[in-house]
Amino acid sequence: MVSRYKHRHRAVVLGCAVIAGSSFGVQALAQELQRTEVEEVLVTGSRIAREGLDTSTPVSVISVEDIKLSGAANVEKILSDAPQFVGSTNGGASANTVPGGTADVNLRGFGASRNLVLVNGRRFAIYGPEQVTDLNTIPTALIERTEVVTGGSSAVYGSDAITGVVNFIMRDDFEGVEATAQTSYDSPTSTPTYNIDVTAGGNFADGRGNAVISVNYLNRGSISRGERGEWAFFSLSDGCVTPASASRDQPGVPVSVPSGSTCRAAGGVPGLIAGGSGDIPNGRFTGVPVPGSATSNPGLNAALAAAGLGGMTSRGFTFDNAGGTVRPALTPQDDFNLGPDNYLQVPQERWMVNGFSHFDFTDKATGYLEFHFSNNRVDQQLAPTNIGGPFLFNINNPYLTTQMQEVLRQLDIAETAPTTVTTGTSSRVNNPNDGFAVINVGRRLVEVGLRENVSDRNVWRMALGMRGDIGDVSENFLSGLAYDVYYTFARTEETSRQSGNVSRSRFQAGLLSSGGAAPLLNIFGQNLSPAAVNAISIGATNVTEAELQVAAATLSGQLFDLPAGPLAFSFGAEWRYASSKFVPDEFLRSGDVVGFNPGLPTEGDVTAKEVFGELRIPILTGLPFVDNLAANAAFRRSDYDLEGVGDVWTYLYGLDWRLNETVAFRGQFQRAIRAPNVADLFGGLRQSVEPATDPCSDKQPASARTDAVRALCIASGVPAASVFGGGVQPNTIIPALFGGNPNVGEEESDTRTFGVVLTPSILPKLAVTLDYFDITLDGAIAQLGGGLNNTLNLCYNIIQDINSEFCQAINRNPVTGEISVPFYAEIRQANTGGLATSGFDLIARYGFDFGWGLFGNGSELNISTAWTRTDEFTLTPVQAFPNVKNRCVGSYGTTCGEPIPEFKGVTRFTWINGPLSLSLRHRYIDDVTVDRYLLPLRSGATPPTYADLVNPKLRAYNYLDFSFSFDVGKSVEIFGGVNNLLDDDPPVVGSAQIRANTWPATYDYNGRQMFIGMTVRTL
């Protein structure tokens, strides 16, 4: 039984919206409206209570029934399926490239930090220096509905609401006990997920108060890429294969393409190859001049020939397992498959407790309390670490044959000046003819074992407030006054414990002889001893903390009456404090680590003091073609304690025009901002690897290998003989250092929305909304150039100035020209770019009544659909160069990121007959084309030949999901379903991927999923 307390200042229902994807939500909305009648309600996107559904802000709703029928244990999956959202690359179950396993939401594709997540209209807990909300901390069992506001809402809610707001409305009035248990499995691996919720609540003090508490336990199993198998097993990349072996989802037989030739001229066709990392278990050694090249000499040529390396290329050489036989290294045949050991789905174990309570102290004062605690434990697993870069060797290394010792001796003789070799915290000077030689090492340390990162994240949150109606100052002035005053405190603490790391300085020390003894490390072949592993292995413990405090007060009511109705207002003030701290382990701080990425400490805080106000002005009413016409406006003045921000104003204004009970129009303009977060401002340098194309390598399209690019490559440190060679970029990923900038300022966005609402009286079960949205963002805080790949492109292909900030960010190994550890690209934050998107949202529902059914009393069929057409999604990496735009609608890849389909939609058909509900959901994702082809085509440049690209277009996807629920009496409900009913595999891509040969945040990566659950309630 649910008890309800009617307070017009706190009732929250949908404003001018149609339930997205849920027929159950339509019924719930209708029931809510019947209960409230003409009662004023608070709508997400506004702080003014109003009658009915009048609002100029487009709002869509996802009901709790839709969440239940989706089988989603965490809410991020159901949100990412909604058409307004784009897959969040670093969130969700597939977040295996960064430790943590957090889940966030990406509204309109602008990123998780540019939309605001609220719970009951208030900010929730944040995590990390990025200061976003982890959706794993949202109590799914208590969600009554989820309201999504499109467009900037900073005037109402403050910073971060660039693309809109996601507001989770919780059940805070509850009586009885409810327990739900659910389990789900995927068809490829049968990996289980268990989810249990127990909720209890009741009234007290003769109905003046209510308290509810809910406990959740979640246990999600892991799925590695090896366990998933099929398309996920290999580390795929684009290449050239034999025509007979070409496949869209499996690696083919590689074809070697001679320098200056093409794949087809060599007898092959473009196809997927089993690539991976060039750092391999038997070791790959480079930096040795190619025999017969201008950088070699007769003595070295002879030594290489004697060692069997006369045919060596810039790819270097490798050994057999025993380390006794050396040969030229090959690609992709020798590359290490990173796939099988990496998690495709990270395991998660969660305990969560939530409590809500309110008490009517008087008729004018209701106190309320919210409490949250959660513990999330996530285990990340990656393939064994690799170590790369220049290292010193004794030229008489006893693990090498005499022929290879002679190669090292010739290298020592060929040295012309002292060089410094830095490895972690140690440095050594290498002099000519000193008995030492420098070779670049690329070694996969399989003997050390897998990398693991176990994260424990604890979150506490408390909200304490008082609200109430305080009546009228007079009948005609300041009437219907209501107030709400609250304070929230939230804190997140995370401890990450890592294993599988290796010390660079210890590795270098172990390569050298000490006191005439043989070196401890034999890295030629797979010959590291247990003693060697113990000597170089290190653990690491990192601590991350985040805190959010908010104090706010709001007064709302009616100023005075106008001819068309009362002038409503809301005014208030807010104080907000957000802080974060990241304390990396000593080894990670020093940079003396390989495995998980090193980084420097991050610590800082941001404080804002704000005043805000909102007006709703009735203009006309009761006229022909003007049933009601009202304007609304809002402002917020924010004072930040940041040098780059200071005082900022945000505002909105809009118009609602209801012609009659059938047709209404609405429009709104909103100016919004996002203040920089702690990571933007104070983020310490951290290492990461990113998919990117080095224009100085053989991955640069042949048509773009111009003399100007060659000259830039040489000027930036690539040896002339190596330009456009495979040794410049042996992997599809490139390491870079990323960090904050204390001088960045706020981002600023403008949102324009125009829409029509149709609710024809002759079809009372039909409701349709069509809204146009246009969002532009200036001064986007982003990585320099818009990221590593864009920085490389701007330096070498666009600006072509070695003194530009983009070229100056690139560092290279002086021997090979490779961007590799410790020669990183350094990408810091800046107000560098711009984003723009526009399109249409269509939401509709309709219902049919039937006079027949399995259980008598007839039945009904509810149909609801939600679609988004994206007309524009444009990234401007550097607004100082406005002509350089990446038009990403209908595209995906290393520049555009997650797929941005032109059309995306969700439709649900639900048949209800007494205790039985059967539901079929259709999810549609439009086809997308790789950005490597589409971006130059749209900019007027010459794209690569379409036929020479590997899987350039990802087909449109039509997913079908079936679910049911059945009430057994009044106290038991059984529910279940099958998602991805047809067991569609995700599209497979090679080099244009972010992880796992696909885009797992956009497409279903785990095949067919079955779930079954039961809810038991007390009567």
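A nonpolar core is a set of buried Ala, Val, Leu, Ile, Met, Phe, Trp, Tyr and Cys residues joined through side-chain atoms within 4.5 Å. In the present structure, which is a predicted model, the largest such core has 36 residues. Phe285, Phe317, Phe393, Phe507 and Ile523 are the residues with the most contacts inside this core. Two or more core residues come from each of the elements α6 (298–306), β15 (317–319), β20 (386–394), α7 (402–414), β23 (436–444), α8 (504–511) and α9 (530–536). The element that gives the most is α7, with 4 residues.

Phe317 illustrates how this region is packed. Leaving aside neighbours within four places in sequence, Phe317 is in contact with Gly283, Arg284, Phe285, Val288, Leu309, Met312, Val326, Arg327, Pro328, Ala329 and Met404.

The buried residues of α8 are Arg504, Ser505, Phe507, Gln508, Gly510 and Leu511. Their cover includes β20, β21 (419–423), β22 (426–430), β25 (477–502) and α9.

**The chain as a whole**

The secondary structure comprises 15 helices and 47 strands. The radius of gyration is 31 Å, close to the 31 Å that the globule rule gives for 1019 residues, so the chain is as compact as a globular protein of that length. Along its principal axes, the C-alpha trace spans about 100 × 60 × 55 Å.

Of the 1019 residues, 60% count as buried. The accessible surface comes to about 37000 Å², and carbon and sulfur atoms account for 57% of that area. Among contacts with a separation of 6 or more, 73% are between residues 24 or more positions apart. The chain carries 74 positive and 102 negative side chains, and the centres of these two sets lie 2 Å apart.

Pro899 lies in strand β40 (residues 897–900). Its relative accessibility is 2%, and Pro899 therefore counts as buried, the cut-off being under 20%. Leaving aside neighbours within four places in sequence, Pro899 is in contact with Val86, Ser891, Tyr892, Val928, Trp999, Thr1002 and Tyr1003. The C-alpha atoms of Pro899 and Ile925 are separated by 9.3 Å, although the two residues are 26 residues apart along the chain.

**Backbone geometry in loops**

Most residues other than glycine have a negative phi, and most peptide bonds are trans.

| Site | Backbone feature | Loop |
|---|---|---|
| Thr331 to Pro332 | cis peptide bond, omega near 5° | Pro332: between β16 (326–328) and β17 (343–345) |
| Val821 to Pro822 | cis peptide bond, omega about 0° | Pro822: between α14 (805–808) and β36 (825–850) |
| Asp160 | positive phi of about 90° | between α4 (154–157) and β7 (164–170) |

Asp160 is buried, because its relative accessible area of 17% is under the 20% cut-off. Ser190, with a relative accessible area of 47%, is partly exposed.

Methods. Residues numbered from 1 in each chain as written. Predicted model: local features only at pLDDT ≥ 70, side-chain atom pairs only at ≥ 80, totals over all residues. Heavy atoms only, no water. Buried < 20%, exposed > 50% of the residue type's maximum accessible area, 1.4 Å probe, protein only. Contact = heavy atoms within 4.5 Å. Rg over C-alpha atoms; globule rule 2.2 N^0.38 Å. Areas by Shrake-Rupley, 256 points an atom, 1.4 Å probe, with all protein chains shown as cover. Lys, Arg positive; Asp, Glu negative; His and termini not counted. Charge placed at Lys NZ, Arg CZ, Asp CG, Glu CD.
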